[in-house]
Amino acid sequence: MHIVVCIKQVPDSSQIRVHPVTNTIMRQGVPAVVNPYDLFSLEEALRLKDRVGGRVTVLCMGPPQAEMALRKAISFGADHAILVTDRAFAGSDTLATSFALASAVRQIGRDMAVDLVFCGKQTIDGDTAQVGPGIAKRLDLQLLTYVSQIDAVDPERREIVVRRRAEGGVQVLKTRLPCLITMLEGSNELRFATQAGIFRAARYPVQRWDSKAAGIEDPSRVGLKGSPTVVRKVFAPTPNTQRADLISCESGTPEDLAATLLAKLTTRNPELAALLGRAGMQETGR
Amino acid sequence: MNTPAARRPAGRKLELDPRLAAYQGVWVFVEHERGQAHPVSWELMGEGRKLADQLGVPLAGVVLGAPGEPTRQFCQLAFRYGADRCYLIEDPALADYRNQPFTQGLTELVNAYQPEILLLGATTLGRDLAGSVATTLQTGLTADCTELTIDPENRSLAASRPTFGGSLLCTIVTLNYRPQMATVRPRVMDMAPYEATRGGEIVEHPLRLVETDILTKVLDYIPDNRQDRPQLAFADIIVAGGRGLKQPENFELVWELARVLGAEVGASRPVVQAGWVDPERQVGQSGRTVRPKLYIAAGISGAVQHRVGMEGADVIVAINSDANAPIFDFATYGIVGNALQILPALTGACRQHLALTQRAG
């Protein structure tokens with residue numbers, strides 16, 4: 001089996017700060033990480049390889065420094081790593097990104113036919129969940145999003161059975177290979193990199209493809225030109241004119257503060273008073 | 001550079017091709033599963049109504065389903081929640097959600113009847129479908145919008161959403177492409193008003209796809225045991241905890257208050273990432289959006305990423321030791337103090353209050 005895993009390098013958003021005066025993003029010193037959702041897909045790909053054999057190729061689109069994300073994937077056990085990097089990609093929205101990545105997957109398939117493509121459920125910086133479905137559509141692959149478990153895979157019969165999270169339950173789906181899967185978070189636990197893996201990652205020559213090498217003939221399909229959407233403005237949320245009514249009391253003890261708060265909640269909000277009354281009925285009813 | 005990389009539409013066409021100007025009307029995809037319409041459909045209908053009125057165009061619902069499913073009832077509901085018209089595809093292949101037939105159906109409808117705006121819920125189904133349809137139609141799609149407005153200058157849709165991990169908001173427009181697509185998460189918008197006497201016109205359309213052409217088959221469907229899963233989206237009261245609780249074992253204080261109030265338990269992203277709490281309880285941009293009557297946030301600073309998930313609450317109580325925490329800028333009531341002390345005190349006070357109201361009742 002040849003499995004391609006698409007990963008993205010993202011800023012660790014928990015460490016992004018907004019400048020208190022200018023309200024702009026302070027990006028300096030924010031560490032870059034592999035998008036956490038992608039790691040569930042990487043692990044699942046490695047498990048499939050352990051089960052049925054084959055090759056895992058990791059693919060990333062981004063600036064040259066995104067190579068670090070690919071090395072990380074190699075350290076966990078991926079076989080090949082390709083970085084698609086070109087200034088022409090700058091400003092790509094999800095439609096343009098899926099075009100570039102789909103084209104790269106097609107190129108990867110020339111060497112060894114691709115049976116399965118994995119993407120993360122979404123990224124933590126964009127949160128759109130659109131690139132996976134976009135790649136599937138462009139490559140005419142069946143799309144299986146929010147997969148929590150792969151029940152069976154049969155490379156000979158070219159079939160796969162998965163569990164997919166739907167709104168009110170779990171679908172058990174069977175489809176034909178090749179297909180594209182996005183894994184649900186928590187569906188597996190990423191392995192540790194082995195010593196050998198870490199050494200291999202350090203020495204591994206990550207392939208760099210520009211847009212031409214990625215098979216993109218028409219540069220107007222990527223970057224700003226290939227993006228139907230445009231960010232018109234970025235802004236900080238409007239501060240509320242009214243700040244919270246800060247609860248205070250003479251003693252300042254937690255008990256008195258709590259009692260004062262509760263009194264305000266129930267006297268000023270009749271609906272809450274009724275609700276809090278009901279809550280009590282429920283508790284004693286249990 | 002510290003400036004956000006807002007992309008300039010320099011040299012790119014903003015004015016609409018005449019061919020695209022023919023795209024008119026606002027559509028809302030009516031999502032349903034197992035005979036139940038998803039409430040996000042009616043939340044979107046309310047928003048769609050406002051957009052349609054502003055543009056002076058009709059509002060339509062889109063219903064895809066199988067014969068035997070209550071599709072016509074969903075159309076009637078769509079009218080009562082504000083739709084003027086419903087586009088309906090009924091086909092056995094649409095019995096369970098599968099990407100291929102739903103993408104085909106919705107794409108066909110768009111190409112046949114040409115709406116200018118298409119809204120879907122940002123659910124597992126809606127996100128799966130929206131991404132595929134937008135790619136097929138080669139148009140723009142903005143995910144997880146928190147605000148939708150019409151630009152009066154050029155009648156285009158301005159969709160705002162959190163960005164940079166939820167620390168800022170951005171407004172996104174779709175250039176010379178139609179329809180303009182957007183998804184909105186459940187509970188972000190208010191429900192549309194229900195008018196029992198409203199009616200509308202149903203337009204039926206064929207699917208043009210047979211089961212043998214569909215490569216994915218549904219082998220089984222295992223419904224969730226609803227009691228097993230947290231039901232944050234529709235909870236009346238939520239008690240949520242954040243990093244200010246300092247230790248995972250201190251989160252028990254949140255559970256205790258929630259038990260007394262019969263409330264659901266929520267959490268901020270850092271504590272979910274630290275593994276203190278089930279990810280299904282995460283409130284915020286990358287978690288759930290909630291609209292309870294009362295939201296109690298303990299030890300949560302109130303970053304935009306969290307705020308967008310809970311600011312729809314009627315009353316917000318914030319407990320935080322940092323008087324400058326952003327949460328005090330939008331909470332209704334605040335207590336500046338140590339959550340580890342305030343929470344047990346509040347639990348005690350609530351228990352006492354409930355015992356009293358009980359006796360009185």
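Start at Pro178(A), in the loop of chain A between strand E11 (169-176) and strand E12 (179-183). The model is a predicted one, by the way. The bond to look at here is the peptide bond joining Leu177(A) and Pro178(A): it's cis, with omega about -5°. Now go over to chain B and find Pro179(B), in the loop between strand E10 (168-174) and strand E11 (180-184). The peptide bond from Arg178(B) to Pro179(B) is cis, with omega near -5°. Why flag these at all? Because most peptide bonds are trans.

Okay, phi angles. Most residues other than glycine have a negative phi. Asp140(A) isn't a glycine, yet its phi is positive, about 55°. You'll find Asp140(A) in the loop between helix H4 (131-139) and strand E9 (142-154) of chain A. In chain B, look at Asp144(B), with a positive phi near 55°. That one is placed in the loop between strand E7 (141-142) and strand E8 (147-151).

So, buried or exposed, these two aspartates? Asp140(A) has a relative accessible area of 68%, and the cut-off for exposed is over 50%, so Asp140(A) is exposed. Asp144(B) comes out at 1%, and buried means under 20%, so Asp144(B) is buried.

Next, charges. Side chains of opposite charge can pair when their charged atoms come close. How many salt bridges do we get over all chains? The count is 40. I'll show you a few of them.

Take Glu43(A) and Arg191(A), where the closest N and O atoms are 3.0 Å apart. This pair links distant parts of the chain, with the partners 148 residues apart: Glu43(A) sits in helix H1 (residues 36-52), and Arg191(A) sits in the loop between E12 and helix H5 (195-203). Glu43(A) is buried, at 2% relative accessible area, while Arg191(A) is partly exposed at 24%. And there's a network here: salt bridges link Glu43(A), Arg47(A), Asp50(A) and Arg191(A).

Now one that involves both chains. Asp151(B) and Arg232(A) form a salt bridge at 2.8 Å, N to O. The pair crosses between chains, going from strand E8 of chain B to strand E14 (residues 229-235) of chain A. On the chain B side, Asp151(B) counts as buried at 15% relative accessibility; on the chain A side, Arg232(A) is partly exposed at 38%.

Then there's Asp17(B) with Arg19(B), at 4.0 Å, N to O. If you're wondering about a pair at that distance, the rule asks for within 4 Å. Asp17(B) is partly exposed, with 22% relative accessible area, and Arg19(B) is exposed at 58%.

Last topic: cavities. Which residues line the largest one? From chain A, the lining includes Thr94(A), Leu95(A) and Gln130(A), and from chain B it includes Thr135(B), Thr139(B) and Leu141(B). Helix H3 (94-111) of chain A and helix H5 (124-137) of chain B each supply at least two residues of that lining. By class, the lining has 8 polar and 3 nonpolar residues, and no charged ones.

Okay, that's my tour; over to you.

Technical notes. Residues are numbered from 1 along each chain as its sequence is written. Chains are lettered from A and ligands numbered from 1 in the order in which they are written. This is a predicted model: local features need pLDDT of at least 70, side-chain atom pairs count only at pLDDT 80 or more; totals for chains, interfaces and linings use all residues. Side-chain values use heavy atoms; hydrogens and water are left out. Helices (H or I, at least four residues) and strands (E, at least two) are DSSP runs, numbered from the N terminus. Buried means under 20% relative accessible area, exposed over 50%, partly exposed in between (1.4 Å probe, protein chains only). A salt bridge is a side-chain nitrogen of Lys or Arg within 4 Å of a carboxyl oxygen of Asp or Glu. On a 1 Å grid over the protein atoms alone, a cavity is a set of points where a 1.4 Å probe fits but cannot get out, and a pocket is an open set with protein on both sides within 12 Å along at least five of seven lines; lining residues have an atom within 4 Å of a point. Ala, Val, Leu, Ile, Met, Phe, Trp, Tyr, Cys and Pro count as nonpolar, Asp, Glu, Lys and Arg as charged, and the others, Gly among them, as polar.
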